[in-house]
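Have the viewer ready and follow along.

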Amino acid sequence: MIHVYLDDLRPCPSNFTLAKNVQECLLLLESCDVDILSLDHDLGWSTKETGMDVVIWLLQTRKFPKTIYIHTSSPTACKAMYQMLYTAGAEGMRVYPYRMPDELQLQIAQGTYVSEG
């Protein structure tokens, strides 16, 4: 089980696998059991793909991680991504319209985090 952090600029939290673009993120989601997924929306000027493309893929495939945090700095994109995921109502999936709490990041970095479910 892995944790995935989609972002093109921010530093990747310890014990997360970094995906710098949508394709890297989708590859990880397809091939790994993902516990926590943290999504950015805007992924650089050179691409039209965004974190919303990952949300749409999740909705289409119904291959949801256990927990999703949306850490984008765009309030509009965060709200749209959250609403789509929340409305999907995937059993057992938790989704949060904010970045991971520092305490959780520390637990994961120290290897003391225990997944819920």
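## Helix packing

Helices α2 and α3 run roughly parallel to each other, because angles under 35 degrees count as roughly parallel and their axes cross at roughly 10°. Those axes come within 10 Å, with α2 covering residues 51-61 and α3 covering residues 75-88. Keep in mind that this is a predicted model.

Which residues make the contact between α2 and α3? On the α2 side they are G51, M52, V55, I56, L58 and L59, and α3 supplies A80, M81, M84, L85 and A88. By class, this α2 and α3 contact has ten nonpolar residues, one polar and no charged.

## The largest pocket

Next, the open space: the largest pocket holds about 200 Å³. It is lined by 14 residues, and those closest to its centre are D8, D40, D42, L43 and G44. The lining includes six charged residues, along with five polar and three nonpolar.

The residue classes at the two sites are set out here.

## A proline in a loop

P97 sits in the loop between β5 (94-96) and α4 (102-110). Is P97 buried or partly exposed? Its relative accessibility is 37%, so P97 counts as partly exposed. Leaving aside residues up to four places away in sequence, P97 touches I70, C78 and Y82. L18 lies 79 residues from P97 along the chain, and their C-alpha atoms are separated by 20 Å.

How values were computed: Residues numbered from 1 in each chain as written. Predicted model: local features only at pLDDT ≥ 70, side-chain atom pairs only at ≥ 80, totals over all residues. Heavy atoms only, no water. 1 Å grid on protein atoms, 1.4 Å probe; cavity = no way out; pocket = protein on both sides within 12 Å on 5 of 7 lines; lining within 4 Å. Points joined across faces, edges and corners; volume = space filled by probe spheres on them. Nonpolar A, V, L, I, M, F, W, Y, C, P; charged D, E, K, R; others polar. Axes fitted to C-alpha atoms, helices over the stretch in contact; angles between N-to-C directions. Helix = DSSP H or I, 4+ residues; strand = E, 2+ residues; numbered from the N terminus. Parallel < 35°, antiparallel > 145°, perpendicular 65-115°, else oblique. Contact = heavy atoms within 4.5 Å. Buried < 20%, exposed > 50% of the residue type's maximum accessible area, 1.4 Å probe, protein only.
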